[in-house]
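Please look at the sequence and the model first, and then read the sections below.

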Amino acid sequence: MNWKDKGIVLRLSKLGEYDAICCLLSEKHGKINGCVKGAFSKRMRPFLEIGSTVQAEYKTKSEEHLGYFKIEPIKNNSSQVLNHSGKLLAFKSAISIVDASLMYGQNHDTVFSVLESFFTTLNSDYWASSYCKWEISILAEMGIALDFSSCAGGGSNDLCYVSPKSGRAVSREMGQLYKAKLLPLPKFLVDNSLLENKCLEYYEAMKMSDFFLKSVISDYNKENMTEPRKRLSDWFFNRFDKNA
Amino acid sequence: MQEIDNLVAVLSRLPGFGPRSAKRIVLQLLKKQDILMTPLIDALKSAKNNVCDCEVCGNIDTKSPCDICNNLKRDKTTICVVENVADLWAMERTGTYKGKFHILGGVLSPIDGITPKHLNIDGIVSRIEQDGISEIILATNLTVEGQSTAHYLAEVLRPYDVKITRLANGVPVGGELDYLDDGTLAVALQARQIIE
């Protein structure tokens, strides 16, 4: 089981002084763990970071044993977000969601490409709305395809709720009676627009996707997955009506 | 031999040593007992009995508060927040920083189970409230975890009337652009300065 593939570093756990166990999301071979010799050495430390895109060569004697990665840098995606607290939280949150939601050894090339393209949007002013849409696309990849095209109850196009049961949009008039049970649906998710500095809408979008993420990720309540996402949600809430 | 094996086992647990280098050290210690082993035992005993953590900043010294905290010539209105003692020593090596320090004791890392309650953050807040601090320099590492911790600290300290700064980042002294990694260059470009 030896291969060469492009990958994104999801997690690095120190092994001894310089080595690490690296959890990599590879393009064609899915999520996989492997040992990286010298991961914390002076040569590799600048590029081997959470979220980095790398070229990995994986070697193992058998599928039951932990293999070894030989890693070459492609792109350090974290460097563009280190100076911005919100972008950094979105970056960490996306990685923790992918890490928590995927099983080892299964091919997830769509998740890989969606995550890689999300990293490129972090440079733009629309990073926050891109993040919220990225969560929706990850949910779709995990089997929960939310449908905001029309009202589930046949109502008008004034869509402002999501049904937690069906994942479909509900119009204002149809949802009036049940609004306590329905989830908020921010406008930018319906008209697929890109918004700047609308922190309340981002907060509501995260609140909505939170419900569905909880239902599909078995270890959602583990602190390592929820902490960056919760802090991002708080970040939006604290900046509500302020410039990001 | 049990005694030698024990010594090798203990030494090989130290950073930078493996079983083979530990064996070489043990052999040297046994060969030169008077000039190596006895002074080493004395030095270890002395360090064990006298070195303690500074209750103010978290530095290690033979007394608490440590020499840096007690030094009246240092600027007591500026605190440089670092991850660990090794980082404090690195800052001291520069010889340019004349303020005081605060050691966090790590960085936020949910994967390793390190949350804000595991770090010495309350200590910074109480120092700001009691000591009239005017500037906090966040000198955490330029890694995802280090910068996440810095941003978290900046959020926590924002309500206080204190200037929050952090270290500049970019091209190292003597660095050639052709040899720099993409990440460092990208950060350097973002933090570019006007030439005056």
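Is A:Trp3 buried or exposed? A:Trp3 counts as buried because its relative accessibility is 9%, where buried means under 20% relative accessible area, exposed over 50% and partly exposed in between (1.4 Å probe, protein chains only).

## Basis of the report

The model is predicted: local features need pLDDT of at least 70, side-chain atom pairs count only at pLDDT 80 or more, and totals for chains, interfaces and linings use all residues. Residues are numbered from 1 along each chain as its sequence is written, chains are lettered from A and ligands numbered from 1 in the order in which they are written, and side-chain values use heavy atoms, without hydrogens and water.

## Aromatic pairs

Over all chains, the structure holds 16 aromatic pairs; rings of Phe, Tyr and Trp (its six-membered ring) pair if their centres lie within 6.5 Å, and planes under 30 degrees apart count as stacked, over 60 as edge-to-face and the rest as tilted. The pair of A:Trp3 and A:Tyr58 is stacked, because the ring centres are 5.1 Å apart and the planes lie at 25°. This pair links distant parts of the chain, 55 residues apart: A:Trp3 belongs to strand β1 (residues 3–15) of chain A and A:Tyr58 to strand β4 (residues 53–59) of chain A. Helices (H or I, at least four residues) and strands (E, at least two) are DSSP runs, numbered from the N terminus. A:Tyr58, at 4% relative accessibility, also counts as buried.

A:Trp127 and A:Trp235 form an edge-to-face pair, with 5.6 Å from centre to centre and 65° between the planes. A:Trp127 lies in helix α3 (residues 127–141) of chain A and A:Trp235 in helix α7 of chain A, 108 residues apart. Both A:Trp127 and A:Trp235 are buried. One aromatic cluster is formed by A:Phe91, A:Phe118, A:Phe119, A:Tyr131 and A:Trp134.

## The interface between the chains

In chain A, 25 residues are in contact (heavy atoms within 4.5 Å) with 23 residues of chain B. The area buried between the two chains is about 2,100 Å², and carbon and sulfur atoms give 55% of that area; buried area is the accessible area (1.4 Å probe) that two parts lose on being put together, summed over both. On the side of chain A, A:Leu82, A:Asn83 and A:Arg231 lose the most area to chain B, together 26% of what that side buries.

Between chain A and chain B, the count of salt bridges is zero, a salt bridge being a side-chain nitrogen of Lys or Arg within 4 Å of a carboxyl oxygen of Asp or Glu. α1 (85–101) and α7 (223–238) of chain A each supply at least two residues of the side that touches chain B, and α7(A) gives the most, with six residues.
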